[in-house]
2 protein chains.
Amino acid sequence: MATLKQVAAHAEVSVQTVSNALNAPHRLRADTLERVNRSIELLNYRPNRNARSLRTSAVELIGYCVPNWPNQTHLVMDQFLHALCAAAERTGRHILLFTAPPGVDGMPTYDDLHARRMVDGFVLSQTETHDPRHGWLKEEDIPFVSFGRVWGQSTQPGPWVDVDGATGSAIAVRHLYGTGRRRIAFLGWPKSSGLAEDRLSGWRTACKDLGVPTTGLAVRCRADSIEEGARGTARLLDSGRAFDGIVALSDVLALGALRELTARGITPGAGVGVVGYDDSPLAEVVSPGLTSLRQPMDRIAEELITILTGDQQPAERLLLPELVIRGSSAPG
Amino acid sequence: MATLKQVAAHAEVSVQTVSNALNAPHRLRADTLERVNRSIELLNYRPNRNARSLRTSAVELIGYCVPNWPNQTHLVMDQFLHALCAAAERTGRHILLFTAPPGVDGMPTYDDLHARRMVDGFVLSQTETHDPRHGWLKEEDIPFVSFGRVWGQSTQPGPWVDVDGATGSAIAVRHLYGTGRRRIAFLGWPKSSGLAEDRLSGWRTACKDLGVPTTGLAVRCRADSIEEGARGTARLLDSGRAFDGIVALSDVLALGALRELTARGITPGAGVGVVGYDDSPLAEVVSPGLTSLRQPMDRIAEELITILTGDQQPAERLLLPELVIRGSSAPG
DNA sequence: GACTGCGATTTGAACGTTCAAACCCGCGGG
DNA sequence: CCCGCGGGTTTGAACGTTCAAATCGCAGTC
């Protein structure tokens, strides 16, 4: 494997000049640059990243802890990872994966990776209510950026990017309203996670703004499963309160809604409009296709990387989800 | 951040002795080791990975290309990544993610990562028929191991770990047989991918072995979607050929089968037994739960890492999938 | 013609670690 | 008493790069 020294010898310049050819080409005279580049090309030289990192103490690697919550499905994680990788690569960086125990027990792992100079910083996701990681990392002065706000805390510890769930729900409600529905229900989760509350509130205010009813139309499902989505829908149907639209907190719940509606002879779309969340792979694979609020993964990843690799000002970006319209919300 | 030198000064030994305390503790006298360890502890020293890698030219990082095939859903990718990470970490290594164009166009990316000493080797997955990557990497002498055999090639270019789809199907067939079914259909894919053929053949031979019919019971769906799974099942039902069990090539197809059966008033499980593939998150979220052939991700990851970091003998591991039994195959 | 200024290039050191070889010291054997 | 041996420790160099400072060459200025 060729080194700077060998390239330098071949091009008959000093080592530093070759280094400059790569990192600060404007410093070279045009003809020298040309000559050096030819030698680089010829010897198929690639800079050794370890030597570089040793000298500059920047590894151009970003740590990401791959989540392992067996009870929650990560249907869009591959989208997120791909987007994150791509965004990192656009700045010459890469993603380093690792595992860590949840919560504060995982912090030594983060610390260790940073202390050993294996990563420059971290991207956090799967943010929980009162997530301890953010405060800890801030305390230790370890660079990070969070996908997702830390809920239940007055000030945000560190920079973040998130998707505006409230506005997302509002978009869904207005879309259903626009296709003629006037009684729009909400299928949510039990435990008041910040995310769930956010989305719920958006539904409520949007309904109020449009002057359509909400009382008795919000159902809390016991878990994030198709089964529970179906059961929640059944409860809604059995309650006797009429409704012609459903905004569900997740695609999985929405799938349950579709199933229950179909089972009761109601055509999703034509009968009751259904909108889910996250535009998971399920959404387009089911029939009728599920209208869903897509997280703009590419934007999210782009912002995360920009913030993390930028001048580390406290940055906060709230992005809007995009409504992907499919059959489940076809005009009734 | 403390360095070897500082620890050495603090413990009043040479730098090399501290290095030995970490990498070859048996070389130190017990009391020196004790003393050095105390200093390490006290100064909270962590070896700088870049300096180490520079010297030893081994980075302890394994490259993995995060796939981006929009038309195929990666429902178990998070499981795989988690297992792979965990297995790598057990040997002190980590996973570096990157993106690359599919096929041979992506090879420069692999080459570059290796030439810059950013990774020691690669784990390949999403192996395609006649996948060019394996041969290329072998040619370039870049260490790798493949999750998935390269189909349509007489000899395997390099070490691999795979799951025995044929035996998997056979397990499924025997399970359905064991619960009383005697006419077991197969829901497959169109394009004869190696994987599809493998699983199909297992179904056929198992049926023959048990003396149950196969003619007219294999259906090829046009895509890997719920919709197509339902349509395939419908075709089967409409063909007039009786059947009481279905082995589907994927959970998604199986879900389609469940839907169509339910729609026609047939109870999955009690009526027709259904088995899917891969035990994706969908399987346990649907109702009745979907019996599915789980890929033993932890074993797979373990083997991949062992082979890659081992003495690089040509190694081939064919693992068995595990049948996860749920309601969809309850005795009829 | 010496002096200044500036762009292009080189020199020497440093980043933090490990490898290979040298060194030191106490001990048993001739 | 000297030699050889071997475990424990130190020394010097090297890995491949970049930084900071020094040097060189040349044009413009007084």
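Angles under 35 degrees count as roughly parallel, over 145 as roughly antiparallel, 65 to 115 as roughly perpendicular and the rest as oblique. Axes are lines fitted to C-alpha atoms, for helices over the stretch in contact, and angles run from 0 to 180 degrees between N-to-C directions. Helices (H or I, at least four residues) and strands (E, at least two) are DSSP runs, numbered from the N terminus.

This is a predicted model: local features need pLDDT of at least 70, side-chain atom pairs count only at pLDDT 80 or more, and totals for chains, interfaces and linings use all residues. Residues are numbered from 1 along each chain as its sequence is written, while chains are lettered from A and ligands numbered from 1 in the order in which they are written.

Start inside chain A. Two residues are in contact if their C-beta atoms, placed from the backbone, lie within 7 Å. On the H8(A) side the contact residues include A:Gly165, A:Val173, A:Arg174 and A:Tyr177. Among their counterparts in H9(A) are A:Asp198, A:Arg199, A:Trp203 and A:Leu210. By class, this contact of H8(A) with H9(A) has 9 nonpolar, 7 polar and 3 charged residues. Here Ala, Val, Leu, Ile, Met, Phe, Trp, Tyr, Cys and Pro count as nonpolar, Asp, Glu, Lys and Arg as charged, and the others, Gly among them, as polar.

Now chain B. The axes of H2(B) and helix H3 (residues 30-43) of chain B come within 10 Å and cross at roughly 95°. That makes H2(B) roughly perpendicular to H3(B). B:Thr17, B:Val18 and B:Ala21 in H2(B) face B:Thr32, B:Leu33, B:Val36 and B:Asn37 in H3(B) across the contact. The residues of this contact of H2(B) with H3(B) are 4 nonpolar, 3 polar and no charged.

How do the two chains relate? A rotation of 180° with 0.0 Å of shift along its axis superposes chain B on chain A, with an RMSD of 0.1 Å. The two copies are thus related as by a two-fold rotation axis. The superposition is by least squares on the C-alpha atoms of residues with pLDDT of at least 70 in both.

The chain contact takes 40 residues from chain B and 41 residues from chain A. On the side of chain B that touches chain A, H5(B) gives the largest share, 7 residues. That side divides into 21 nonpolar, 11 polar and 8 charged residues. Of the interface residues of chain B, 100% are also interface residues in chain A, so the copies meet through the same surface.

One helix pair spans the two chains. H4(A) and H4(B) pack at an angle of about 145°, with their axes 8 Å apart. Their crossing is left-handed. A:Asn50, A:Ala51, A:Ser53 and A:Leu54 meet B:Asn50, B:Ala51, B:Ser53 and B:Leu54. The contact of H4(A) with H4(B) holds 4 nonpolar, 4 polar and no charged residues.

Last, the DNA. A residue is near a strand if its C-beta atom, placed from the backbone, lies within 6 Å of it. Of the 25 residues around DNA strand C, A:Ser14, A:Thr32, B:Leu4, B:Ser19 and B:Ala51 come nearest. H4(B) supplies the largest share of that surface, 5 residues. For DNA strand D, also with 25 residues around it, the nearest are A:Leu4, A:Ser19, A:Asn48, A:Ala51 and B:Ser14. Here the largest share, 5 residues, comes from H4(A). By class, the surface near DNA strand D has 9 nonpolar, 10 polar and 6 charged residues.

Note on methods:
A crossing is left-handed if the near helix is turned anticlockwise from the far one by less than a right angle, and right-handed if clockwise.
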